[in-house]
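This report walks through a two-chain model, one topic at a time. Please keep the structure open while reading.

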Amino acid sequence: MGCVDEGRLRAYLDMPDSGLAADEQAAIAAHLAGCTTCAERARTLVATAALAGTRLAAWEPALSTAVESQHARTAYARFQRTLREQEWQVASSRAHDRAGVSHDWLQQAKEWVTHMIERSTAPGRRPALAAVAILAILAVALAFSPVSSLADQLFKTFRVQQFQAVTVPIKGMTSVPMPQQITQEQQQQLQQMFANLGTLQTTATKDSFHQVGSQADAQAFFSQHGGTLQAPTHLPTGYTPQSAQYGVGNPTSSQYTLNVAVAKQYLALLNSSELNALPWPQGVDKLTFGYDTPAMVATFYSNGSNGQSEQGFGILQMANTDPSVPGAGPILHLPAELDVNAFRAALLAVPNLLPQQTMDQIKNVSNWETTLIIPVPENAVTTNVTVKGNAGLLIVDGQGRGSLLVWQSGGKLYAVGGTISGDEAQAIANSLTNVH
Amino acid sequence: MSVKGDAAVNTLARGLYDPEQATRPAAREPETVRFEVLFFRHYSRVHRLLRRLLGSDEEAEDAAQEVFLRLYRQESVPPDEAGQSRWLLRVATNVGLNVLRSGRRQSARLRRTAVLDQADAPRREERLDPAALALAQEELALVRAILDAMPARARACLLLRHGGMSYAEIADALGVAPGSVGTMLARAEREFRRRYDEAEQDRSAHEHGTERS
């Protein structure tokens, strides 16, 4: 072999750490034995490496095992602090988005529909829920909504008077089988039609919900919108009034206008007798669904840290949109042309629209027109409770992560929730008094 | 929205408006324990590597935090310990190189005391008289100056090898072919030696000059 290049020669000197193959090692050894130039180069490399090694020996004084494990513990504590801060920033921006825009049920319905369309048209997949996609808006509007039949000139207006939990097995919801197989061509048609299905307009922006500096600011905002701010006189151990932070939400208004002809075409593709029998109003091209949220104030309390995760809870209060009518906002407006009762009954008769268990629960809701159906996960425990004489619903997470209590009083919707027990949520709720 | 208390709004929002979210475990919950295991399994090694690379406890600790944050954010972590080690080695080296290259470091360095010198001081004091200690400090300052003047990758290659890493590990850490580690190392050692010899000459010339005056 010819003379050895410097890199290989250096590697040769560092056997076995350099991982040179045995045959290469042997070849280099043989070459060095007969080549004085390379042998001299090797000696220089050894001397240079030795000098670096000697001088670098003092570079990194060893730490004792005890010091190292102390280091690791300190570092872990610091790591958790950093992580919490970062997670909160992320959670904060998510909460912000959700509070500002996704509060809107119709918006959410649209997202769900989009999601379902994407799923149903994914290649190599059994088309999932394409039929339900178009109906999601209606399902949300009719089944998952605050409803109370108070008809006015243009809309049937619905507000919340009571609450009922409906168990939603999410797995079931995303794998509901199609009424039947549809072809690829039909899928493309569906996609095109979906774009023309309807339009959403909303006054909600990502800034609709924002933070204010003090209780006084929150109170001023709330009274501008006809609300009276309440604050708890009872706080769970470890919480102080000083930890309170305030967020306010502007009133928002959204409208979804559905193109009836497109909806019918879409459903016709699916050859489902139940879907084709939906009682659409005669001679109506467009149906407009409205959804209004009143002004709201959210108060957040945190107790710092318990070493693992931040603990906290929030109190949500909504202003009264119209004191002359019973029930509390948010308000849903359904088109007057639509026979809501008949449509709801027809929707609930569609097989596989929602998981059977969920469908059955929705069918069994008494006074559905005034009941806000709250989808809860399967493992949550729900109890009917009273808060200062008003009916409320307490939802306690099955894994003990927290609880949520919702109730309405005098046309105002309230919620208390967070990493607190159900008892604490009730104690806080019962202690709410007007801020002066 | 600000940081604190969003657990509450999240819980509210999860329960009220996002049933799918509500069924999902809170982010990372099930993995927290596993991550803690990973942290304690690998922290010392990562910290040692960075301490060696950077020559400062403070900087090594900051950089190690960054490494584990990246691990935490990683979508998939290698299931086996060897895979985890390799991943961490690579990321730690990259983070270390970034620190070495950052301009921020250059100015911060001037203000910072030589942490390693302090860490080592008690041990050396036991066996060295003050004059010898002063000499050792001077020697360490010289090595630091030489390393700081070298390109970051050459410095890393040199320090990693003389810290006991194999060529394969170094190749992995620096993202180069194993076959090129020898070349990099030989060059880095030669440069180190050249700078060291120059400094020695300066020093002896300086001492010589001092004696004469």
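## Confidence

Chain B has an average pLDDT of 73. In that chain, 67% of the residues reach at least 70. Over residues 1–31 of chain B, pLDDT stays under 50. The model still gives that stretch 84 contacts beyond four places in sequence. Residues 110–128 of chain B also have a pLDDT below 50. Here the model has 23 contacts beyond near neighbours in sequence. Where pLDDT is low, the predicted coordinates should not be read in detail.

The structure is a predicted model. Its scores are ipTM 0.71 and pTM 0.44.

## Make-up of the two chains

Chain B contains 11 helices and 0 strands. Along the sequence, its pattern reads α-α-α-α-α-α-α-α-α-α-α. Of the 213 residues in chain B, 33% are buried. Among its contacts with a separation of 6 or more, 63% join residues 24 or more positions apart.

Chain A has 14 helices and 18 strands. Of its 436 residues, 43% are buried. For chain A, 74% of the contacts with a separation of 6 or more link residues 24 or more positions apart.

## Helix H9 of chain B

How many of the 11 residues of helix H9 of chain B are buried? The count is 8, so this helix, residues 152–162, is largely enclosed by the rest of the structure. The buried residues of H9(B) are B:Arg155, B:Ala156, B:Cys157, B:Leu158, B:Leu159, B:Leu160, B:Arg161 and B:His162. Just after H9(B) comes B:Gly164, with a positive phi of about 105 degrees.

## Where the chains meet: H3(A) and H9(B)

H9(B) packs with helix H3 of chain A, residues 36–56. The angle is about 80 degrees, and the axes are 10 Å apart. Angles of 65 to 115 degrees count as roughly perpendicular, and H3(A) and H9(B) are therefore roughly perpendicular to each other. On the H3(A) side, the contact is made by A:Ala52, A:Gly53 and A:Leu56. H9(B) contributes B:Leu158, B:Leu159 and B:His162. The residues of this contact divide into 4 nonpolar, 2 polar and no charged.

## Nonpolar cores

In soluble globular proteins, nonpolar side chains tend to be buried together. In this model, the largest nonpolar core has 50 residues. The residues with the most contacts inside this core are B:Val46, B:Leu50, B:Ala63, B:Ala64, B:Val67, B:Ala92 and B:Cys157. Helix H5 of chain B, residues 81–101, supplies the largest share of the core, with 7 residues. B:Cys157 is also one of the buried residues of H9(B).

What does B:Val67 contact, leaving aside its neighbours within four places in sequence? The partners are B:Val46, B:Leu88, B:Val91, B:Ala92 and B:Val95. A second, separate core has 39 residues. Its members include A:Phe222, A:Val297, A:Phe300 and A:Val416.

A:Leu13 lies in helix H1 of chain A, residues 6–13. Is A:Leu13 buried or partly exposed? A:Leu13 counts as partly exposed because it has 18 C-beta neighbours inside 10 Å, while a buried residue needs 20 or more. Beyond its neighbours within four places in sequence, A:Leu13 contacts A:Ala42, A:Leu45, A:Val46 and A:Ala49. The C-alpha atoms of A:Leu13 and A:Leu45 are 8.5 Å apart, and the two residues are 32 residues apart along the chain.

The peptide bond from A:Met15 to A:Pro16 is cis, with omega near 0 degrees. A:Pro16 sits in the loop between H1 and helix H2 (22–34) of chain A.

## Two sites among the strands of chain A

A:Leu316 belongs to strand E11 of chain A, residues 310–318. This residue is buried, with 24 other C-beta atoms within 10 Å. A:Leu316 and A:Met296 are 20 residues apart along the chain, and 7.0 Å separates their C-alpha atoms.

A:Lys388 occupies the loop between strand E14 (381–387) and strand E15 (390–396) of chain A. Its phi is positive, at about 50 degrees, although A:Lys388 is not a glycine. A:Lys388 is exposed, with 12 other C-beta atoms within 10 Å.

Technical notes: Residues are numbered from 1 along each chain as its sequence is written. Chains are lettered from A and ligands numbered from 1 in the order in which they are written. pLDDT is the predictor's confidence in each residue, from 0 to 100. Two residues are in contact if their C-beta atoms, placed from the backbone, lie within 7 Å. Helices (H or I, at least four residues) and strands (E, at least two) are DSSP runs, numbered from the N terminus. Axes are lines fitted to C-alpha atoms, for helices over the stretch in contact, and angles run from 0 to 180 degrees between N-to-C directions. Angles under 35 degrees count as roughly parallel, over 145 as roughly antiparallel, 65 to 115 as roughly perpendicular and the rest as oblique. Ala, Val, Leu, Ile, Met, Phe, Trp, Tyr, Cys and Pro count as nonpolar, Asp, Glu, Lys and Arg as charged, and the others, Gly among them, as polar. A nonpolar core is a set of buried Ala, Val, Leu, Ile, Met, Phe, Trp, Tyr and Cys residues joined through C-beta atoms within 7 Å.
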